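Below is a short report on one protein model.

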Amino acid sequence: MTSVSTREAKVERTTKETSIAVSVNLDGTGAFNIATGVGFFDHMLEQLSRHSLIDMDIKANGDLHIDDHHTVEDTGIAIGQAIAKALGERRGINRYASLDLAMDETLTRAALDVSGRPYLVWHVKFSAPKIGTFDTELVREFFHALAQNAGITLHVANLYGENNHHIAETCFKAVARTLRHAIETDPRQKDAIPSTKGSLKG
Ligand SMILES: [Mn+2]
């Protein structure tokens with residue numbers, strides 16, 4: 001079993017489209033070293049690390065001459081795989097968390113279950129196809145890849161907001177903050193798997 005004090009993992013994933021290396025420490029301080037070649041995406045991943053308190057080392061070399069799609073999706077896959085690996089049996093975790101996260105005029109809700117069962121419910125609409133050079137539709141692609149590969153049930157809903165940068169950023173911050181709580185140790189059941197089935201491996 002994975003001990004609570006060593007919830008760390010490394011994933012390296014190479015395809016013809018991308019080459020990605022991700023290291024995570026679930027019990028970190030939110031320290032990050034992130035370089036994907038996509039500036040806005042780096043800014044978002046830094047929020048994910050900082051507010052989840054998961055230390056993240058992420059290096060991605062993708063086919064950015066095509067567009068950002070493969071790099072964003074495959075980075076989501078690798079982060080998800082690393083989180084799943086680091087969680088091990090998912091023993092002792094809070095499992096559930098939800099939060100409404102405010103940023104200026106924007107409010108976004110995230111709710112998640114670190115269930116072992118991948119699912120994404122996505123109620124977020126952007127009013128423009130781009131934030132700078134970044135395709136706004138890739139925000140959903142990232143979280144879909146993350147949920148599928150981390151084995152989490154993830155709901156994200158933007159309740160209101162005007163600015164697309166804020167809408168994207170609140171998605172990352174809200175997921176980060178809920179992830180932090182959901183994977184933290186529940187002091188009342190430190191060694192138990194929080195399921196009547198006795199398993200959170202899907
Ligand atoms: Mn920002």
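The model is predicted: local features need pLDDT of at least 70, side-chain atom pairs count only at pLDDT 80 or more, and totals for chains, interfaces and linings use all residues. Residues are numbered from 1 along each chain as its sequence is written, and side-chain values use heavy atoms, with hydrogens and water left out.

H165 and E169 sit 4 residues apart in helix α4 (residues 164-183), so about one helical turn separates them. Helices (H or I, at least four residues) and strands (E, at least two) are DSSP runs, numbered from the N terminus. Their accessibility is as follows. H165 is partly exposed, at 28% relative accessibility. E169 is buried, at 5%. Buried means under 20% relative accessible area, exposed over 50%, and partly exposed in between (1.4 Å probe, protein chains only).

**Salt bridges**

How many salt bridges does a search of the whole structure find? The search finds 10. A salt bridge is a side-chain nitrogen of Lys or Arg within 4 Å of a carboxyl oxygen of Asp or Glu. Side chains of opposite charge can pair when their charged atoms come close. The table gives some of the pairs.

| Pair | N to O distance |
|---|---|
| D27 and R7 | 2.9 Å |
| E12 and K10 | 3.7 Å |
| D74 and R13 | 3.6 Å |

D27 and R7 form a salt bridge with their closest N and O atoms 2.9 Å apart. This pair links distant parts of the chain, 20 residues apart: D27 is in the loop between β2 (18-25) and β3 (32-35), and R7 is in the segment before β1 (8-14). D27 is partly exposed at 39% relative accessibility. R7 is buried at 4%.

The side chains of D74 and R13 also meet in a salt bridge. D74 lies in helix α2 (residues 69-87) and R13 in strand β1, so the pair ties together parts that are 61 residues apart in sequence. D74 is buried, with a relative accessible area of 6%. R13 is partly exposed, at 22%.

K10 is partly exposed at 47%.

**Sheets and helices**

An open sheet of 4 strands has the order β5-β6-β10-β7, with mixed pairing. Its edge strands are β5 (96-103) and β7 (119-123), each pairing on one side only. Neighbouring strands are turned by 10° against each other on average, direction ignored. Two strands pair if DSSP finds at least two bridges between them. Axes are lines fitted to C-alpha atoms, for helices over the stretch in contact, and angles run from 0 to 180 degrees between N-to-C directions.

β7 pairs with strand β10 (residues 153-160) in the parallel sense over 5 bridges. W122 has V156 in β10 as its bridge partner. Helix α3 (residues 137-150) lies across β7 and β10, at about 160° to β7. α4 lies across β5, β6 (106-113), β7 and β10, running at about 150° to β5. Contact means heavy atoms within 4.5 Å.

Strand β4 (residues 55-62) has pairings of its own. β2 and β4 run antiparallel, joined by 8 bridges. A21 stands opposite K59 in β4. β3 and β4 run parallel, joined by 4 bridges. N33 stands opposite D57 in β4.

**Core and tail**

The largest nonpolar core has 57 residues. Such a core is a set of buried Ala, Val, Leu, Ile, Met, Phe, Trp, Tyr and Cys residues joined through side-chain atoms within 4.5 Å. Those with the most contacts inside it are V24, L45, I79, I83, F142, F143 and L154. The largest share of this core, 10 residues, comes from α4. Beyond neighbours within four places in sequence, L154 is in contact with residues including L112, V121, F143 and V175.

Q189 is in the segment after α4. It is partly exposed, with a relative accessible area of 28%. Not counting residues up to four places away in sequence, Q189 touches G92, I93 and P194. The C-alpha atoms of Q189 and I93 are separated by 8.0 Å, and the two residues are 96 residues apart along the chain.
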